[in-house]
There are 2 protein chains.
Amino acid sequence: EGDKAAGRKLIYTCNGCHGVPGYANAYPNYPVPRIAGQNEQYIVNALHEYKAGERKHPTMMAQAQSLSDQDIQDVAAYLSSLAK
Amino acid sequence: EGDKAAGRKLIYTCNGCHGVPGYANAYPNYPVPRIAGQNEQYIVNALHEYKAGERKHPTMMAQAQSLSDQDIQDVAAYLSSLAK
């Protein structure tokens with residue numbers, strides 16, 4: 001079970017590219033996906049795939065490798081709770 | 001340049017799994033990504049990657065192969081215009 005409050009503390013880095021609402025007003029122009037309001041289990045799966053190298057984006061692989069399994073649950077719980 | 005009106009006609013199939021707002025009320029419980037309001041260029045890139053087999057999801061590869069380059073622009077223009 002993900003902890004939204006814990007997740008909120010972990011997503012500061014995400015905002016650098018993804019422009020998470022509440023952290024930044026401007027949505028970035030380069031083609032990173034919108035993650036606020038994304039499906040919780042989809043986020044969990046994507047981060048595990050990056051962590052395992054099954055998804056190949058270098059920045060995201062590095063980010064995911066810095067997250068524990070609980071961190072991934074928490075990040076997904078927080079991001080999926082944001083405005084849809 | 002994508003044509004939103006043309007894109008709207010193409011996304012009927014997407015809704016079966018992705019639950020696009022306006023086509024369905026319930027967001028699906030299985031872990032497909034939310035695509036309404038997604039970054040336009042990210043959608044374009046993802047569909048081209050599926051079409052080329054660089055992304056491997058079988059259903060999405062088949063769907064993307066049914067779309068022309070213009071169709072992909074149109075779908076991305078429409079989906080990215082939806083409520084964020």
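This is a predicted model: local features need pLDDT of at least 70, side-chain atom pairs count only at pLDDT 80 or more; totals for chains, interfaces and linings use all residues.
View 1. In chain A, the cysteine sulfur closest to that of Cys14(A) belongs to Cys17(A). The two sulfurs are 9.4 Å apart, which is too far for a bond. A disulfide needs the pair of sulfur atoms within 2.5 Å. In chain B, Cys14(B) is in no disulfide either. Its nearest cysteine sulfur is that of Cys17(B), 9.4 Å away.

View 2. Cys14(A) has 21% relative accessibility, so Cys14(A) counts as partly exposed. Cys14(B) has a relative accessible area of 22% and is partly exposed. Buried would mean under 20%.

**View 3. Helices H3 and H5 of chain A.** Two packed helices are described by the angle between their axes and the distance between the axes. Here H3(A) spans residues 40-51 and H5(A) spans residues 69-81. Their axes come within 8 Å and cross at roughly 145°. The crossing is right-handed.

**View 4. Residues where H3(A) meets H5(A).** From H3(A) come Glu40(A), Ile43(A), Val44(A), Leu47(A), His48(A) and Lys51(A). Their partners in H5(A) include Asp69(A), Ile72(A), Val75(A) and Leu79(A). The residues of this contact divide into 8 nonpolar, 3 polar and 3 charged.

**View 5. Tyr78(B), a buried residue.** Tyr78(B) lies in helix H5 of chain B, residues 69-81. Tyr78(B) counts as buried because its relative accessibility is 9%. In sequence, Tyr78(B) and Ala6(B) are 72 residues apart. In space, they are 8.1 Å apart, C-alpha to C-alpha.

Technical notes: Residues are numbered from 1 along each chain as its sequence is written. Chains are lettered from A and ligands numbered from 1 in the order in which they are written. Side-chain values use heavy atoms; hydrogens and water are left out. Axes are lines fitted to C-alpha atoms, for helices over the stretch in contact, and angles run from 0 to 180 degrees between N-to-C directions. Helices (H or I, at least four residues) and strands (E, at least two) are DSSP runs, numbered from the N terminus. A crossing is left-handed if the near helix is turned anticlockwise from the far one by less than a right angle, and right-handed if clockwise. Contact means heavy atoms within 4.5 Å. Ala, Val, Leu, Ile, Met, Phe, Trp, Tyr, Cys and Pro count as nonpolar, Asp, Glu, Lys and Arg as charged, and the others, Gly among them, as polar. Buried means under 20% relative accessible area, exposed over 50%, partly exposed in between (1.4 Å probe, protein chains only).
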